[in-house]
Amino acid sequence: MSMPLDVSSDLPDAVLLARYAAGDRAAARVLTLRFTPRVLGYATRLLGDRAEAEDVAQEAMLRLWRIAPDWRAEEAQVSTWLYRVVTNLVTDRQRARARRPLDLPETAPEVADDAPGAAAAMMQRDRMAALDTALTALPERQRQAVALRHLEGLANPEIARIMGIGVEAVESLTARGKRALAAVLSGQRAALGYEDEETGT
């Protein structure tokens with residue numbers, strides 16, 4: 001029997017997964033709304049390709065639905081399991097395309113909007129694009145650790161479980177990744193408007 005969506009939305013992930021396994025379609029909708037944007041964003045940052053990231057996110061969610069009847073809540077959090085699946089799927093795709101050069105999509109320039117805040121929105125979009133491009137320049141494990149820690153907001157112990165490494169290794173990867181990102185982005189400070197903010201101009 002399905003519960004109303006607003007009642008289900010406050011339930012823990014593992015409870016919702018158990019309800020889905022028992023045939024509760026509302027529980028599946030809540031889990032989909034809860035996790036798909038997160039795993040899609042994470043996969044997009046790692047792959048740099050939205051279409052590929054959508055495939056990865058869809059496959060990760062399908063695997064979650066398949067494992068639902070056998071889920072053991074005491075062994076892992078649903079979010080940790082999902083991020084680990086996405087990490088593995090991304091790694092498989094990156095290995096498969098390792099011989100191919102990275103194709104960065106060319107985007108057409110957007111028409112400026114005269115509405116208040118348009119310049120700030122464009123600047124923020126440019127900054128996120130620069131960050132995403134800089135992330136693709138990092139070694140794979142650093143990119144994963146930085147994305148999980150600083151973009152997904154996960155704690156180091158959870159990242160360690162997702163990546164299958166120790167907490168100290170996570171700290172080392174994120175520190176090296178942050179330094180590498182700072183080096184890559186340092187030459188773009190003026191273009192991205194950071195110098196203007198510091199001088200107040």
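A crossing is right-handed if the near helix is turned clockwise from the far one by less than a right angle. With that in mind, here are some close-ups of this predicted model.

**View 1. Helix α4 passes helix α5 in a right-handed crossing.** Here we look at α4, residues 50–67, and α5, residues 78–96, whose axes come within 9 Å and cross at roughly 135 degrees. That angle makes α4 oblique to α5. On the α4 side, the contact is formed by Glu52, Asp55, Val56, Glu59, Ala60, Met61, Arg63, Leu64 and Ile67. Their partners in α5 are Val78, Trp81, Leu82, Val85, Val86, Leu89, Val90 and Arg93. Sorted by class, the contact of α4 with α5 has 12 nonpolar and five charged residues, and no polar ones.

**View 2. Tyrosine 20 and tryptophan 65 form a tilted ring pair.** The count of aromatic pairs in the model comes to three. In the one shown, the ring centres of tyrosine 20 and tryptophan 65 are 4.7 Å apart, and the planes stand at 50 degrees, so the pair is tilted. Tyrosine 20 belongs to helix α2 (residues 13–21) and tryptophan 65 to helix α4, so the pair ties together parts that are 45 residues apart in sequence.

**View 3. Helices α5 and α7 run roughly antiparallel to each other.** Turn now to the contact of α5 with α7, the helix of residues 140–151. The two axes cross at roughly 150 degrees and come within 12 Å. Angles over 145 degrees count as roughly antiparallel, and α5 and α7 are therefore described that way. Their crossing is right-handed. From α5, Tyr83, Thr87, Thr91 and Gln94 take part, and from α7, Glu140, Arg143, Gln144 and Leu148. By class, this contact of α5 with α7 has four polar, two nonpolar and two charged residues.

View 4. The axes of α7 and α8 (residues 156–163) are 10 Å apart, at an angle of about 140 degrees. You can find Arg141, Gln144, Ala145, Leu148 and Arg149 of α7 meeting Asn156, Ile159, Ile162 and Met163 of α8. The contact of α7 with α8 divides into five nonpolar, two polar and two charged residues.

**View 5. Confidence in the protein chain is highest in α4 and lowest in helix α10.** The mean pLDDT is 95 in α4, whereas α10, residues 194–199, has a mean of 50. Over the protein chain, pLDDT averages 82, and 76% of the residues score at least 70. Please look at residues 111–116 with this in mind: pLDDT stays under 50 there, and the model has two contacts beyond four places in sequence for this stretch.

Notes:
Residues numbered from 1 in each chain as written. Predicted model: local features only at pLDDT ≥ 70, side-chain atom pairs only at ≥ 80, totals over all residues. Heavy atoms only, no water. Axes fitted to C-alpha atoms, helices over the stretch in contact; angles between N-to-C directions. Helix = DSSP H or I, 4+ residues; strand = E, 2+ residues; numbered from the N terminus. Parallel < 35°, antiparallel > 145°, perpendicular 65-115°, else oblique. Contact = heavy atoms within 4.5 Å. Nonpolar A, V, L, I, M, F, W, Y, C, P; charged D, E, K, R; others polar. pLDDT = per-residue confidence, 0-100. Phe/Tyr/Trp six-rings, centres within 6.5 Å; stacked < 30°, edge-to-face > 60°.
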